Amino acid sequence: MRGDLNDQFQRAQTASGEDNSQKIIVGAAIFLAFVFLAMVIAGLVFFVKTVDKFVEAEPETHINRELVTQVNELNQQLYPDVNTNSGSSNFQYGTVEGTNYYSEFSGIKFTPTSDWVLTSYAESLASSSPKDLTASSGNLSSSVIIQYESMKNYGYSSIDDAIASAKTIAEQQNNRIIDSKAQTKWGGNKFEGIIYEKNFSGYLTYYEVLCTQINGYCLKITISAGSEQDLSIVRAYFK
């Protein structure tokens, strides 16, 4: 009888020891998991703070401007007679007030009707081909783009080269040239260019590309409209 009791007691102690061992193992695993998680969180916090520190020291705009400066310095070495940041040392964007655009640099004025939307790019970083203005009519049937292209960077020896390039691109896209000797005069500048017709799935759009030289730039004005008559209407908005 006493022997049976001793056996039962020993078995109980053994079972209790096994249960405690399992609890210890599970507890240790949970503790290690929490330690690992804490280390991961601490590492992430340190990483975020480090990144924030660098971002504060080198904001995106500063980095972009530094990159642009380096590219411009390289371009200046390649094209020493051209200020590649703007194409000309006195370049300046035009101004937009409502539906009134004026460029002191070129003398061009563009004043469409009140339903037009004009977008200025004066806050952009100037490049060798700065876009100055985009505009579109209220029903989106007509639009205007005013852009400057560095004569040197584009390899233009004269405005004739710019016009020939525009004509080649139009012909490569299977557009029909309507007038290869379009001319007008805005802001005291004589413009020359082309008018072509683009057929997109039976829908016709008419384009007029006009060019003139302003200092080291080819000033290119592109007008699009649903008909030749509408081209004339948009053209009349320029002075």
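The model is a predicted one, so local features need a pLDDT of at least 70 and side-chain atom pairs count only at pLDDT 80 or more, while totals for chains, interfaces and linings use all residues. Residues are numbered from 1 along each chain as its sequence is written, and side-chain values rest on heavy atoms, with hydrogens and water left out.

Back to the cysteines. A disulfide is a covalent bond between the sulfur atoms of two cysteines, and the cut-off used for it is a pair of cysteine sulfur atoms within 2.5 Å. The structure turns out to have zero disulfides. Cys211 is in none, its nearest cysteine sulfur being that of Cys218, 4.0 Å away.

Next come the aromatic rings. Rings of Phe, Tyr and Trp (for Trp, the six-membered ring) pair if their centres lie within 6.5 Å; planes under 30 degrees apart count as stacked, over 60 as edge-to-face and the rest as tilted. This rule gives 15 aromatic pairs. In one of them, Phe91 and Phe105 have ring centres 5.2 Å apart and planes at 75°, so the pair is edge-to-face. This pair joins distant parts of the chain, 14 residues apart: Phe91 is in the loop between α2 (60-78) and β1 (95-97), and Phe105 in the loop between β2 (100-102) and β3 (109-110). Helices (H or I, at least four residues) and strands (E, at least two) are DSSP runs, numbered from the N terminus. Phe91 and Phe105 are both buried.

Phe91 also pairs with Tyr217: the centres are 5.3 Å apart and the planes at 55°, so this pair is tilted. Tyr217 is in strand β10 (residues 217-225), 126 residues from Phe91, and is buried like Phe91. Elsewhere, ring pairs tie Phe110, Trp116, Trp186, Phe191, Tyr237 and Phe238 into a cluster.

As for confidence, pLDDT is the predictor's own score for each residue, from 0 to 100. The chain has a mean of 76, with 62% of its residues at 70 or more. Among its elements, β3 has the highest mean (98) and α2 the lowest (39). Residues 44-87 have a pLDDT below 50, and this stretch has 29 contacts in the model beyond near neighbours in sequence, a contact being heavy atoms within 4.5 Å.

Key:
Buried < 20%, exposed > 50% of the residue type's maximum accessible area, 1.4 Å probe, protein only.
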